[in-house]
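Trainee: I would like to learn how to read a structure. Please take me through one.

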Amino acid sequence: KNVGAYGGSAAAGPQHQEHLKIDGVDWSNVLNLLLDAHLAIQSNDLAQTYEAQSSLHSALNHALGSSKGNWLVPALHVVC
């Protein structure tokens with residue numbers, strides 16, 4: 001079992017279980033992964049930080065790409 005610095009399994013998904021839904025899009029996974037990344041940074045765990053930011057990036061792409069009006073392209077324009 002791969003255990004992260006702040007407990008829990010690194011492969012088990014987000015450690016947090018908050019819920020957030022906006023305009024019919026479930027942002028819970030994004031929120032929970034963002035909170036997990038914050039915990040990994042606070043615990044100075046580079047491996048967990050990398051895993052958390054990688055999962056967060058994927059979750060953001062999924063949420064933005066599946067949202068009404070496809071927010072992915074406009075969001076990328078803002079970020080880039």
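Predicted model: local features only at pLDDT ≥ 70, side-chain atom pairs only at ≥ 80, totals over all residues.

Mentor: Residues are numbered from 1 along each chain as its sequence is written, and side-chain values use heavy atoms, with hydrogens and water left out.

Trainee: Which elements does the protein chain have, and in what order do they run?

Mentor: Helices (H or I, at least four residues) and strands (E, at least two) are DSSP runs, numbered from the N terminus. Here the protein chain has 3 helices and 2 strands, and from the N terminus on the order is β-β-α-α-α.

Trainee: How many of the residues in the protein chain are buried, as a percentage?

Mentor: Buried means under 20% relative accessible area, exposed over 50%, and partly exposed in between, with a 1.4 Å probe and protein chains only. Of the 80 residues in the protein chain, 24% are buried.

Trainee: At what angle do helix 1 and helix 2 pack?

Mentor: Axes are lines fitted to C-alpha atoms, for helices over the stretch in contact, and angles run from 0 to 180 degrees between N-to-C directions. Helix 1 and helix 2 (residues 46-66) pack at about 160 degrees, and their axes are 9 Å apart. Angles over 145 degrees count as roughly antiparallel, and helix 1 and helix 2 are therefore roughly antiparallel to each other.

Trainee: Which residues make the contact?

Mentor: Contact means heavy atoms within 4.5 Å. On helix 1 the residues include L33, L34 and A37, and on helix 2 they include A52, L56 and A59.

Trainee: Where is L39, and is L39 buried, partly exposed or exposed?

Mentor: L39 is found in helix 1 (residues 28-42). L39 has a relative accessible area of 28%, so L39 is partly exposed. The C-alpha atoms of L39 and A52 are 9.4 Å apart in space, and these residues are 13 apart in sequence.

Trainee: What is the phi of N44, and where does N44 sit?

Mentor: Most residues other than glycine have a negative phi. N44 is not a glycine, yet has a positive phi of about 60 degrees. N44 is placed in the loop between helix 1 and helix 2.

Trainee: Why does N44 count as exposed?

Mentor: N44 counts as exposed because its relative accessibility is 63%.

Note on methods
Parallel < 35°, antiparallel > 145°, perpendicular 65-115°, else oblique.
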